[in-house]
Amino acid sequence: MPAVIELSGITKRFPGVLANDGISLAVEAGEIHALVGENGAGKSTLMKILYGLYQPDEGLVKVRGQRIVLGSPRQAIDSGIGMVHQHFMLIPRFTVIENVILGSEPARAGRLSLAQAREEIRELCDQYGFALDPDAELSTLSVGEQQRVEIIKVLYRGAEVLILDEPTAVLTPQETDDLFENLDRLRGEGKTILFISHILEEVLAVADRITVLRNGRVVGTVDAGKTTKPQIAEMMVGRPVLMDLEVPLHEPGEVRLQIDEAVVLSARGGLPAVRGVSFSVRSGEIFGIAGIEGNGQSELVEALVGLRPLASGKLTVLGTDATRAGVRPIRLMGVAHIPEDRHLRGLVLPMDVWENLILGHHTRAVFGRGALLDAPAIERYARERVELFDVRTPSLRTPTLALSGGNQQKVIVAREFGFEPSVLVAAQPTRGLDIGATEFVRRQILEARSAGLAVVLVSAMLDEILSLSDRVAVMHAGRIVAEFQRGAATPREIGLYMTGARQGEESGA
């Protein structure tokens, strides 16, 4: 019996980039087949070819043994292939039904039949164990529920093969567990799933087979049950990868950042998102903040760097009252910021790499005076940062949007560490990064600690918080509900505070 999907000799070129270089891959019916590799290895490009978004320069595609040309997503859907993108293609003001049927509206006697669609969607939800209200407005759903809408949308169109591009990148641990249960049920119903990810623990837990890409080529395909995380990591990167970085013990110095009884309002409705939060961070210390996303961490980070005002409370940076200061004054005080959304807050994507490397620092005298920029000085600085932080870019004049996610993140880190900051506020610094880029960014954070910076680390990845932090605080419902010294609590204990099962206790503070 032929494989449900066969890719043979797929090559795809973009200006200055060979994204896919003669890739051949076979996917069997009824399996979860994971595709892993560093950012820029060619995973998403290959899947976009399979979904008809790109056409290959060379090679062929077979579906159930038949050679086909996928000239558009519509042709892919007609061939039984659906794709759930990392960034959802949904309309917030529409209901679940309206989002699912958009472009494939059912009709009876020439009129739209929402009743028919509602019945079909409920049947799909029951069949695959998806808890969704077809009449709920999308904006009221959690991120995990919105992802289920995306999956139901492709199932509604008759997909037998589902491509999931980084499906857990925006999910909480609980939502990830729910997703894996849904995928297991889909596999049990005979669906075939192509699962793109960089999180190796998840890949090993959910996949039947794993194909590794590196530099646009297939390194190999292995059975998930017969391999290990270090082996997959070495295939991805081409060298052994340290899975756990050493955090040397040392005594922190003076307090560099302090926030007292902070109240921060949310953007929606003006209700408090942060409720009376207090903590201080010292030189040479990493203060980790754990919590399920949506519990005030984003608003707290924005308050620390001046993007959102304090409704009440006090912020002190290096002994100076910064409560009413804005972004620029706080930046000039020496506060560096790695934002959680690199596209929204960290970069201007159409700008060149060199422009993003000086963004926010472009008025410094070293780069010129007034409206006149010193081009040679900027080029020297940008080239030095690119080399030091291993930013893989065709040139300094390449638009930043053309870089992989990992290299975009390196641009941000290179810029933020460029002017000897005293404080680093890092929010979700490794989100969406492959294992090699994750290792790199985590090393930079540890080096910042060693250099004496006070580091606030906010991450949805509990292993990252626990492995890097000297102290760990847990946020729930806008409050810090617990604080622990390094090694004083297990992931399970911290998880209980994250979910609100325990509240109001502190240990090892």
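This is a predicted model: local features need pLDDT of at least 70, side-chain atom pairs count only at pLDDT 80 or more; totals for chains, interfaces and linings use all residues.

Student: Okay, is strand S3 mostly covered or mostly open?

Tutor: Mostly covered: six of the six residues in S3 (residues 32-37) are buried. Buried means under 20% relative accessible area, exposed is over 50%, and partly exposed is in between (1.4 Å probe, protein chains only). Strands here are DSSP runs of E with at least two residues, helices are runs of H or I with at least four, and both are numbered from the N terminus.

Student: Which residues sit on each side of S3?

Tutor: Ile32, Ala34 and Val36 are on one side, with His33, Leu35 and Gly37 on the other, and all are buried.

Student: And which way does S3 pair with S10?

Tutor: Parallel, over four bridges, with S10 covering residues 192-196. Pairing needs at least two DSSP bridges between the two strands. His33 stands opposite Leu194 in S10. S3 also pairs in the parallel sense with S11 (residues 209-214), over five bridges, and there Val36 faces Val212.

Student: Switching topic: what's the strand order in the open sheet?

Tutor: S2-S1-S4-S5, four strands with antiparallel pairing. S2 (17-27) and S5 (66-68) are the edges, each pairing on one side only. S4 (residues 58-63) and S5 share three bridges, and Val63 has Gln66 in S5 as its bridge partner.

Student: Now H14. Why call it largely enclosed?

Tutor: Because 12 of the 12 residues of H14 are buried, it is largely enclosed by the rest of the structure. Among those buried residues are Lys410, Arg415 and Glu416.

Student: What covers H14's buried residues?

Tutor: The cover includes H10 (327-332), S18 (335-338), H11 (342-346), H12, H13 (375-388) and H15 (435-450), going by contact, meaning heavy atoms within 4.5 Å.

Student: Last one: where's Gly360?

Tutor: In the loop between H12 (353-358) and S19 (368-369). Gly360 is partly exposed, with a relative accessible area of 26%. Not counting residues up to four places away in sequence, Gly360 touches Arg328 and Arg331.

Note on methods. Residues are numbered from 1 along each chain as its sequence is written. Side-chain values use heavy atoms; hydrogens and water are left out.
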